[in-house]
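Let's take a friendly walk through a protein model, stopping at a few places along the way. Keep the structure open beside you as you read.

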Amino acid sequence: MGDYRRIADRIADDIASGRLKPGQRLPPQRAFARRRGIASSTAGRVYGELVRRGLVVGEVGRGTYVRAAPDGPPGRALAEPGPADAPVNLELNYPSAPGQPELLAPVLAPLLRPDVLAEALLPAAATGTESAREAAATLLATPGWRPAPDRLLFTGNARQAIAAVLASLVRPGGRVGVEQLTYPLVKEIAARLGITLVPLAGDAAGLLPEAVAAAHRTAPLSALYMQPTLHNPTSLTTSRARLLQLARLVHDLNLPVVEDRIWSFLHEPGDPLAAHAPALTHVVDGLSKRVAPGLTVGFLVVPPHRVGAVAGAVRSGGWSAGRFALEAAVRWAGEGTVARLVAAKRADAARRQKILAEELAGFAVRSDPRAYFAWWELPAPWRADTFTGAAAAHGIAVTPGPAFAVAPGHTPDAVRLGLASAPEPDLRRALRTLAHVAARRAGDRTGP
């Protein structure tokens, strides 16, 4: 075991014993390193290990806070089952429809026959199988767009699909335009690939074409990554007029696009950017939200001339989908299970949005009535890091706004609330508690 893990164990013991209390701020990494006589890089690994164990929350540089944790051995993660008063995790955002296991189980049963299982346990190519390509093309289709099956590729999940496309499009040192607030794992993927993310301004209609053009003039962009439907974390959906403007612009600039549609199944059917710029757009989607995160598949729709390059990136990155998951996906889609789950989750999201509206009435909350998340712009004098720590002290985990910010100097005083994972009674209780916390400090002008 590395030294950093032994140090993390000692901090975990301090948290478990109560010497470090929920909501307490840990020292900055450099100060921690000096006190312990260790390298700054080792301190960073210690903090990363504590985050991985679910013991602390926050962004290094803006504050790392002890998270409330259920009773149990040191290092127990928030996501693990706990007692009735266990913390409520509004960071995780995996929707589960009522009766979901009962819907999924019958479709999996035929896969367990020895003859079928033998086939399902073989390796899968990035191109999947013919039945998988047809099923995915039907699943992703919109009123005015249906991807050609021979343009479909498969990965283990949507995150791997994003990584494969970016790896195939952008060399180390390349620049990729993104919304000013973007999916945090895109930031991690870019860092590992040596890619520079360029934040681009938007408005109520979506990403601003002039912002894309200006960034491209400054230094050529290698690609554009965007979430035009139910953008995470703001829930914004780009208007059709803006999509058409962006399609014309990327065509003029010959700029490849990665269009992330992972939450689009909750929205009314609308054609993607790929319908208007098919030669440049790489569509990313998957089953983790539609079905379940534990047995999922990532979908990629790529321009015809890019199939070989992206498939090569999938293979070299080790991002291929499992054959068993592909076979399950084909059956779930073909027998209508996915469609039934989508309908149930749309209704579930609407109920949770109603709870959100009731409990956070009067606050500056941005969301869409169809979304499973919300963006809460905190009342002064709250900051994202201190509010995250205060929420943790009440047994509630939220995601601080800076986790989504691309430009380090523009970190919003907001938090994202994931509405999907907590049971509805726990969600209501947590939101009511957060409202009381926010209102109490907002009335105290002495500052956090």
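## Arg-428 and its partner

Arg-428 has a relative accessible area of 27%, so this residue counts as partly exposed. In this predicted model, the side chain of Arg-428 meets that of Glu-359 in a salt bridge, with 2.8 Å from N to O. This pair connects distant parts of the chain: Glu-359 belongs to helix α13 and Arg-428 to helix α15 (residues 424-442), and 69 residues separate them. Glu-359 itself is buried, because its relative accessible area is 11%, and the limit for that label is under 20%.

Why can such side chains pair up at all? Side chains of opposite charge can do so when their charged atoms come close.

Arg-331 is partly exposed, with a relative accessible area of 23%, whereas Glu-327 counts as buried at 13% relative accessibility. Elsewhere, salt bridges link Asp-348, Arg-351, Arg-352 and Glu-424 in a network.

## A closed space

Now look for spaces inside the protein. The structure holds two cavities of 30 Å³ or more, and the largest cavity has a volume of about 60 Å³. Among the residues lining the largest cavity are Ala-132, Leu-139, Phe-154, Phe-299, Leu-326 and Val-330.

What classes of residue line the largest cavity? The lining has ten nonpolar residues, no polar residues and no charged residues.

## An open space

The second largest pocket holds about 480 Å³ of space. Its lining is made of 30 residues, and those nearest its centre are Thr-142, Arg-261, Ser-264, Pro-269 and Gly-270. By class, the lining of this pocket has 13 nonpolar, nine polar and eight charged residues.

Helix α13 supplies the largest share of the lining, with four residues.

## A threonine to look up

Finish with Thr-388, which you can find in helix α14 (residues 384-393). Is Thr-388 buried or exposed? Its relative accessibility is 1%, so Thr-388 counts as buried.

What does Thr-388 reach and touch? The side chain of Thr-388 comes to 2.7 Å from the backbone oxygen of Ala-384. Leaving aside residues up to four places away in sequence, Thr-388 touches Val-57, Val-398, Pro-400 and Val-415.

Note on methods
Residues are numbered from 1 along each chain as its sequence is written. This is a predicted model: local features need pLDDT of at least 70, side-chain atom pairs count only at pLDDT 80 or more; totals for chains, interfaces and linings use all residues. Side-chain values use heavy atoms; hydrogens and water are left out. Helices (H or I, at least four residues) and strands (E, at least two) are DSSP runs, numbered from the N terminus. Buried means under 20% relative accessible area, exposed over 50%, partly exposed in between (1.4 Å probe, protein chains only). A polar contact is a pair of N or O atoms within 3.5 Å; within protein, one must be able to donate a hydrogen and the other to accept it, and residues adjacent in sequence count only if both atoms are side-chain atoms. Contact means heavy atoms within 4.5 Å. On a 1 Å grid over the protein atoms alone, a cavity is a set of points where a 1.4 Å probe fits but cannot get out, and a pocket is an open set with protein on both sides within 12 Å along at least five of seven lines; lining residues have an atom within 4 Å of a point. Grid points are joined across faces, edges and corners, and a volume is the space filled by probe spheres set on the points. Ala, Val, Leu, Ile, Met, Phe, Trp, Tyr, Cys and Pro count as nonpolar, Asp, Glu, Lys and Arg as charged, and the others, Gly among them, as polar. A salt bridge is a side-chain nitrogen of Lys or Arg within 4 Å of a carboxyl oxygen of Asp or Glu.
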